[in-house]
Amino acid sequence: PLALTILMLALPLSALAGDLAWFDLENCGMCKNMTAEEGLMEAMKWENHLTADGYMAVTVVAPGYEEKYQNALANMQKAGEKMMAGEEMNLCGFCQSFGALHMAGVTMEYFPTKAGHINLISSHDPATVSKIHAHAQRTIDEYAKMFGDEEAHGDHDHSHH
């Protein structure tokens, strides 16, 4: 959604995730908006799937938690606006990498569906597609580390964005 777009606009192109934690739900200025909504993280499931020209992220929010999810997105948007205004913000590796993708000119499409929220990140440029695939694969791999391989495809009860 818009919050993600604002986040990406706010990041400098040089922001690349080096030794940072890929996910830092406590210290990341973006992610902590999700953890601030009580019970939301446990009420979300998140899947990532590589596509021919990018990747698809699917977020499913449990019944009764949609309002908290929307609150978190609104707060992420506010955080993005502060960053655009020049405020320094701690960001985890995922958020920095995601921002770098946006700066590389990827196409971001958002589809709110009855089943869940779908973000499609794609490009027609093969070099950019490689960057998108690397980001998505790292995200899938980090989920596997956190939740176990069988959980890496979205069968867990925790999320990031």
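**How two helices meet**

In this predicted model, helices α4 and α5 pack at an angle of about 160 degrees, and their axes lie 10 Å apart. An angle over 145 degrees counts as roughly antiparallel, so that is what α4 is relative to α5. The crossing of the pair is left-handed.

**Who touches whom**

- On the α4 side, the contact is made by Phe-94, Ser-97, Phe-98 and Leu-101.
- On the α5 side, the residues are Lys-131, Ile-132, His-135 and Thr-139.

**The whole chain**

- You'll find five helices and four strands here.
- Starting at the N terminus, the elements go α-α-β-β-α-α-β-β-α.
- The chain has 161 residues, and 45% of them count as buried.
- Take the contacts with a separation of 6 or more: 73% of them are between residues 24 or more positions apart.

**A closer look at α5**

- Helix α5 covers residues 126–147, and its 22 residues should span 32 Å at 1.5 Å a residue.
- The end C-alpha atoms of α5 are 31 Å apart, which agrees with that expectation.
- Which residues of α5 are buried? They are Thr-128, Val-129, Ile-132, His-135, Ala-136, Thr-139, Ile-140, Glu-142, Tyr-143 and Ala-144.
- Those buried residues pack against β1 (44–51), β2 (54–61), α4 (93–103) and β4 (117–122).

**The nonpolar core**

- As a general rule, nonpolar side chains in soluble globular proteins tend to be buried together.
- In this chain, the largest nonpolar core has 30 residues, and Met-30, Met-34, Tyr-55, Phe-94 and Cys-95 have the most contacts inside it.
- At least two residues of this core come from each of β1, β2, α3 (66–84), α4 and α5.
- Helix α3 gives the largest share of this core, with six residues.

- Val-106 sits in the loop between α4 and β3 (107–112).
- Is Val-106 buried or exposed? Its relative accessible area is 10%, and buried means under 20%, so Val-106 is buried.
- Leaving out residues up to four places away in sequence, Val-106 touches Leu-101, Ile-121, Ser-122, Thr-128 and Ile-132.
- Val-106 and Lys-131 are 25 residues apart in sequence, with 9.8 Å between their C-alpha atoms.

Definitions and conventions:
Residues numbered from 1 in each chain as written. Predicted model: local features only at pLDDT ≥ 70, side-chain atom pairs only at ≥ 80, totals over all residues. Heavy atoms only, no water. Expected span 1.5 Å × (residues − 1). Buried < 20%, exposed > 50% of the residue type's maximum accessible area, 1.4 Å probe, protein only. Contact = heavy atoms within 4.5 Å. Core = buried A, V, L, I, M, F, W, Y, C linked by side-chain atoms within 4.5 Å. Axes fitted to C-alpha atoms, helices over the stretch in contact; angles between N-to-C directions. Parallel < 35°, antiparallel > 145°, perpendicular 65-115°, else oblique. Left-handed = near helix turned anticlockwise from the far one by under 90°.
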